[in-house]
Amino acid sequence: MKRESKLVLVTMLVLMLLAEAHISVAATCSPVQLSPCLGAIRSSSPPSKLCCSKIKQQKPCLCQYLKNPTLKKYVNSPGAKKVARSCGVPYPKC
């Protein structure tokens with residue numbers, strides 16, 4: 001299994017577990033909703049319309065995700081910042 005595939009699998013599992021456990025996120029915040037963005041975050045491909053829609057829906061939650069040590073490294077990554085910028089979602093200043 002490629003390193004990138006393992007990373008995606010681990011990321012998805014962590015996001016699903018956090019969503020199920022509702023750890024430090026409000027009921028409307030669900031990091032799993034951002035899964036359509038994983039491809040664009042990991043590569044140079046542009047984000048899909050679905051990805052941009054999900055980022056816009058989850059925008060109020062981004063500061064909560066940044067405060068979560070498990071999610072911070074993904075939300076704070078250069079790829080995630082690139083996708084947010086491409087979708088017209090300003091990076092949060094928490």
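The following legends describe close-up views of a predicted model.

**View 1. The buried face of helix α3.** Cys51, Cys52, Lys54, Ile55 and Gln58 are the buried residues of α3. They lie on the same side of the helix, because the arc that they cover around the axis is only 165°. Elements covering these buried residues include α4 (62-67) and α6 (78-86).

**View 2. Surroundings of Gln58.** Gln58, a residue of helix α3, is buried, with a relative accessible area of 3%. Its side chain reaches the backbone nitrogen of Ser30 at 3.1 Å. Beyond four places in sequence, Gln58 touches Thr28, Cys29, Ser30, Pro31, Gln33, Leu34 and Tyr65.

**View 3. The largest nonpolar core.** This core holds 17 residues, of which Ile55, Tyr65, Val83, Cys87 and Val89 touch the most other members. At least two residues of the core come from each of α3, α4, α5 (69-75) and α6. With neighbours within four places in sequence left aside, Val89 is in contact with Ile55, Lys56, Lys59, Leu62 and Ala84.

**View 4. The disulfide of Cys29 and Cys61.** The sulfur atoms of Cys29 and Cys61 are 2.0 Å apart. The torsion about their S-S bond is about -85°, so this disulfide is left-handed. The pair links distant parts of the chain, 32 residues apart: Cys29 is in the loop between α1 (3-21) and α2, and Cys61 is in the loop between α3 and α4. Cys29 is buried at 6% relative accessibility, as is Cys61 at 3%.

**View 5. The disulfide of Cys37 and Cys51.** Cys37 is joined to Cys51 with an S to S distance of 2.1 Å. A torsion of about 115° about the S-S bond makes the disulfide right-handed. Parts 14 residues apart in sequence are tied together by the pair, since Cys37 lies in the loop between α1 and α2 and Cys51 in helix α3. Relative accessibility is 1% for Cys37, which is buried, and 0% for Cys51, also buried.

**View 6. The disulfide of Cys63 and Cys94.** A disulfide with an S to S distance of 2.0 Å joins Cys63 to Cys94. The link is left-handed, with -95° about the S-S bond. It connects distant parts of the chain, with Cys63 in helix α4 and Cys94 in the segment after α6, 31 residues apart. Cys63 is partly exposed at 23% relative accessibility, whereas Cys94 is exposed at 59%.

**View 7. The loop residue Ser45.** Ser45 is located in the loop between α2 (38-42) and α3 (49-58). Its side chain makes a polar contact of 2.8 Å with the side chain of Ser43.

Technical notes: Residues are numbered from 1 along each chain as its sequence is written. This is a predicted model: local features need pLDDT of at least 70, side-chain atom pairs count only at pLDDT 80 or more; totals for chains, interfaces and linings use all residues. Side-chain values use heavy atoms; hydrogens and water are left out. Helices (H or I, at least four residues) and strands (E, at least two) are DSSP runs, numbered from the N terminus. A polar contact is a pair of N or O atoms within 3.5 Å; within protein, one must be able to donate a hydrogen and the other to accept it, and residues adjacent in sequence count only if both atoms are side-chain atoms. Buried means under 20% relative accessible area, exposed over 50%, partly exposed in between (1.4 Å probe, protein chains only). The arc is that of the directions from the helix axis to the C-beta atoms. Contact means heavy atoms within 4.5 Å. A nonpolar core is a set of buried Ala, Val, Leu, Ile, Met, Phe, Trp, Tyr and Cys residues joined through side-chain atoms within 4.5 Å. A disulfide is a pair of cysteine sulfur atoms within 2.5 Å.
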